[in-house]
Number of protein chains: 2
Amino acid sequence: MRQSQFFIKTQKEPPKDEVSINAQLLTRGGFIYKNFAGIYTFFHLGTLVLQKIIKIVREEMDAIGGQEILLNALQDPAIWEKTKRWSDEELDIWFKTKLKNKSELGLASTHEEPLAELMSHYIHSYEDLPIYVYQIQTKFRNELRPRGGLLRTREFIMKDLYSFSSTEEELNEFYETVVRSYTKIFERVGLGDVTYRTFASGGAFSKFSDEFQTVCKAGEDTIYLDERKNIAVNKEIYTDEVLSDLGLNKKDLKELKAVEVGNIFKLGTRFSEPFGLMFEDEQGNKKPVVMGSYGIGPARVMGTIVEVHHDEKGIIWPESVAPFKAHLLNLHADVKKADDIHNRLTESGVDVLYDDRDISSGEKLVEADLIGIPTRIVVSEKTLEKKSVEIKKRGEKSISLLPIDKLHEI
Amino acid sequence: MRQSQFFIKTQKEPPKDEVSINAQLLTRGGFIYKNFAGIYTFFHLGTLVLQKIIKIVREEMDAIGGQEILLNALQDPAIWEKTKRWSDEELDIWFKTKLKNKSELGLASTHEEPLAELMSHYIHSYEDLPIYVYQIQTKFRNELRPRGGLLRTREFIMKDLYSFSSTEEELNEFYETVVRSYTKIFERVGLGDVTYRTFASGGAFSKFSDEFQTVCKAGEDTIYLDERKNIAVNKEIYTDEVLSDLGLNKKDLKELKAVEVGNIFKLGTRFSEPFGLMFEDEQGNKKPVVMGSYGIGPARVMGTIVEVHHDEKGIIWPESVAPFKAHLLNLHADVKKADDIHNRLTESGVDVLYDDRDISSGEKLVEADLIGIPTRIVVSEKTLEKKSVEIKKRGEKSISLLPIDKLHEI
């Protein structure tokens, strides 16, 4: 795609009202725009990254038998009153609104209640189970203090998976399947090395839940990591009793800041009982369905990737989520020859952004580092003399020459 | 995909509170679930159809140079006060809500204002124009009386494209490009034969806007169609003056019910002026940017397809948007042999739903007609004797035998 026709506007200076690295770099790079506190627009560059993350998440959900569905944001209070979660005291992040007839509605921040209600009409027998459904849909949270750029916003896309099982054993088995799936997702998006399964509070549902915490300075959570055992404990449950439960030793633990990029819960029958979500087992006994829920926020993941992968010049996208694979810069070389290189790249299937604009070489190089596409390809009169282009990986120092007739090897 | 593991629950009887054909058939077929008036959940089958429609729309938007972005639903009133559209008198379908600090927010039913505001920070010169951006995002409309199943809901996915041009001429040219693009989209989703470009009121923006109206009984609009000229007029502007303007003659016009499946507007400078969305032309003169907006609602399109393509037995999906290409039914044939046919089909890349359940042949056949997958493949002891399967196209009467070793030809 030609940059002259691409709507990207980068900025030299970070916006004054953003303190987080991800918001600063993503705004400067032309990925996002802040509408107001906790509310961001994604420009085309940002949408491309978000869609790549979503694609990876979707593939991994499908791979473990997830069936994609789509629930509504607008919520009927009657459903949430059954679990007492309509009240702002119980769930303090509701955005509430009204129909024309003055009856109240809410905007969902999660979907356990409506899905348990819905499934109660469809699940009747052990033969209907297990079922795993997920959606990729916009959630709303009335945050008092949104912060950290894309890390905590008031409106965000969420992947939420829900499991419906006939037994605790089946839930436990699927839960560990999701752990492996999430591990793979965080590896694929480039966060594998710094993301840890972390024990956290199970809330009203169970003793523990599991979080996936990515170690980075911007994190608002504190975790205690046992690097040898590759597990961590969230500060919220960091007690002698819990450590002894988990067989962890204080002296092996390192205190670190981290971002919660995923969380998984064993819900048990907390939601199925209020909604009469029951099934008949093989002996004809009525039992409540055993549920689990599993979340990942793709935009928060995007912000976390920037927090982890950047330098003083800009973002360093992992290839799997980069908006383009390659960034071709024409530094005052013959336009026809540069166009020809662009054509060769697109014809060999390379997803390339082509900076064909009439601006200085310095500006192009600085902007390429800021945007952070993994492979930079420079064409100049000097490289053309050698029938070559200059290749540099973002985040690495070495520069090499590649003959033009080997461009397809990129 | 094996139907025994697929979460689909069909119903013999239509839901009592649905009168529209699309809501009845889509609910009975296990595509959607009504949460409350105007609010629907999409099950996996429904999500598959919706995603196919969205994919077609996205491809056609990309083909005309659209750059996908993602705007927020939550809206700052200050932006909308600039065009006086925050007031419920001016825009009567707002859902309004409040932040914790009591300040008001709204849920967007359209995005002209926030996008004009945003672009005013980025567009400065004629060299920045034209720009075409679109999004596929959830809209909210506080409808007093939602109706017609998926045809008029309170929450729905919308594709909205916005154009930013330096001149009226450039807008007019792109506007006609969108007309061709929309025509292609409606052809591709199977509505081409009954969808007409229809002159409608331009509202506050211009003399006329254009709607794409699909002729069907469920439509809430009335149009007057000149079949020979292939254009129509919406009843709302059906006056002698308009007819004479458009060179239409009353006696050539047929009164028909129709669903508005798309609309396109020339906005001119209606939104750019209040937001100071100006650019410098080649002579250095400051001018307001000339805008257009272009909408299609994929879920409404889905409902309309059902209204147009069904019979007394169920839905007849056009192949382009069908949840699966083929529906393999095992009617009490040897399970291993049926599984083998399923494997052959998936190995040759056929997107197939496999009814492997232990229920009666009658139930399977009735349900297949209801769900409406284009090609039905029956395997039974009788067809196996002839080393064949039985092929029937949904909506056609003829049944033919296909040898198993020619399954890849499907």
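Predicted model: local features only at pLDDT ≥ 70, side-chain atom pairs only at ≥ 80, totals over all residues.
The contact between the chains takes 38 residues from chain A and 38 residues from chain B. On the side of chain B that touches chain A, at least two residues each come from strand 1 (32-36), strand 2 (39-42), helix 2 (44-63), strand 3 (67-68), strand 5 (95-98), helix 4 (112-120) and strand 7 (131-140) of chain B. Strand 2 of chain B supplies the largest share, four residues. Sorted by class, this side of chain B has 22 nonpolar, nine polar and seven charged residues. Because 100% of the interface residues of chain B are also interface residues in chain A, the copies meet through the same surface.

Turning to packing inside chain B, helix 1 (residues 21-28) and helix 7 (residues 298-308) of chain B have axes 8 Å apart and pack at an angle of about 95°. Helix 1 of chain B is therefore roughly perpendicular to helix 7 of chain B. On the helix 1 side, the contact is made by I21(B), N22(B), L25(B) and L26(B), while helix 7 of chain B brings G303(B), V306(B) and E307(B). The residues of this helix 1 to helix 7 contact in chain B comprise four nonpolar, two polar and one charged.

Note on methods
Residues numbered from 1 in each chain as written. Chains lettered and ligands numbered in written order. Contact = placed C-beta atoms within 7 Å. Nonpolar A, V, L, I, M, F, W, Y, C, P; charged D, E, K, R; others polar. Axes fitted to C-alpha atoms, helices over the stretch in contact; angles between N-to-C directions. Parallel < 35°, antiparallel > 145°, perpendicular 65-115°, else oblique.
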